Amino acid sequence: MNEDTFWQLIDACTPTGPDPDSERLAAALTEHLARSPVYVVTGFAEQLSWALYRLDRRELGQGLSGDSFLYTRCAVVAAGREVFEGVLRDPSAFAPFATDLIWAESLLYAPDHAYERITGEEWHRATRYSYESYANTKGWAA
């Protein structure tokens, strides 16, 4: 899955109306991915990890706990490509997500749940980029 397809899928699965913790988005993504070949699920996980890794930067996460920073980065991705790219261009655009504790933890698990539905097995995911907080050493360099 390429980056454009990833963002198109996020957009297509974004519900109308409020979805404060992106639970409905995650459910829609899981449903879509579970009807896809496994390579689509793994491709989605790779793109999600890459997006979260790109947001893993000192100017965004300083002062946040690891989990808070991860779930807040998920919320930026859940908000769509325009918001994501806006945060990359202007780190101050991240502040409302962090100060208002806007989280989207459930987004992390959509590919895992889809994989399990397709294969009947738990997925021990290993993506090229880690989505864990503080994994992007370049982003946290002084």
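**Salt bridges and helix packing**

A quick word on the ground rules. This is a predicted model, in which local features need pLDDT of at least 70 and side-chain atom pairs count only at pLDDT 80 or more, while totals for chains, interfaces and linings use all residues. Residues are numbered from 1 along each chain as its sequence is written, and side-chain values use heavy atoms, leaving out hydrogens and water.

Now, which residue forms a salt bridge with glutamate 31? The partner is arginine 117, and the closest N and O atoms are 2.6 Å apart. Arginine 117 lies in helix 8 (residues 110-119) and glutamate 31 in helix 2 (residues 23-34), so this pair ties together parts that are 86 residues apart in sequence. Arginine 117 is also partly exposed, at 48% relative accessibility. By salt bridge I mean a side-chain nitrogen of Lys or Arg within 4 Å of a carboxyl oxygen of Asp or Glu. Helices here are DSSP runs of H or I with at least four residues, strands are E runs of at least two, and both are numbered from the N terminus.

How many salt bridges are there by this rule? The count is six.

Another one joins glutamate 85 and arginine 81, at 3.0 Å from N to O. These two are four residues apart in helix 6 (residues 81-89), so about one helical turn separates them. Glutamate 85 is partly exposed at 30% relative accessibility, and arginine 81 is partly exposed at 28%.

Next comes arginine 125, whose salt bridge with aspartate 112 has its closest N and O atoms 2.4 Å apart. Aspartate 112 is in helix 8 and arginine 125 in the segment after helix 8, so the pair links parts 13 residues apart in sequence. Are these two partners buried or exposed? Arginine 125 counts as buried at 17% relative accessibility, and aspartate 112 counts as buried at 18%. Elsewhere, salt bridges with shared partners connect Asp4, Arg81 and Glu85 in one network.

Let's turn to helix packing. Helix 1 (residues 3-13) packs with helix 2 at an angle of about 120°, and their axes are 9 Å apart. Helix 1 is therefore oblique to helix 2. For the terms, axes are lines fitted to C-alpha atoms, for helices over the stretch in contact, and angles run from 0 to 180 degrees between N-to-C directions. Angles under 35 degrees are roughly parallel, over 145 roughly antiparallel, 65 to 115 roughly perpendicular, and the rest oblique.

Who meets whom at this contact, meaning heavy atoms within 4.5 Å? From helix 1 we have Leu9, Ile10 and Cys13, and they meet Leu25, Ala28, Leu29, His32 and Leu33 in helix 2.

Back to helix 6, where Phe84, Gly86, Val87 and Leu88 are buried. The buried residues of this helix pack against helix 1, helix 3 (38-55), helix 4 (58-61) and helix 5 (66-78).

One last stop is proline 20, in the loop between helix 1 and helix 2. Proline 20 counts as exposed, with 64% relative accessibility.

How values were computed
Buried means under 20% relative accessible area, exposed over 50%, partly exposed in between (1.4 Å probe, protein chains only). Contact means heavy atoms within 4.5 Å.
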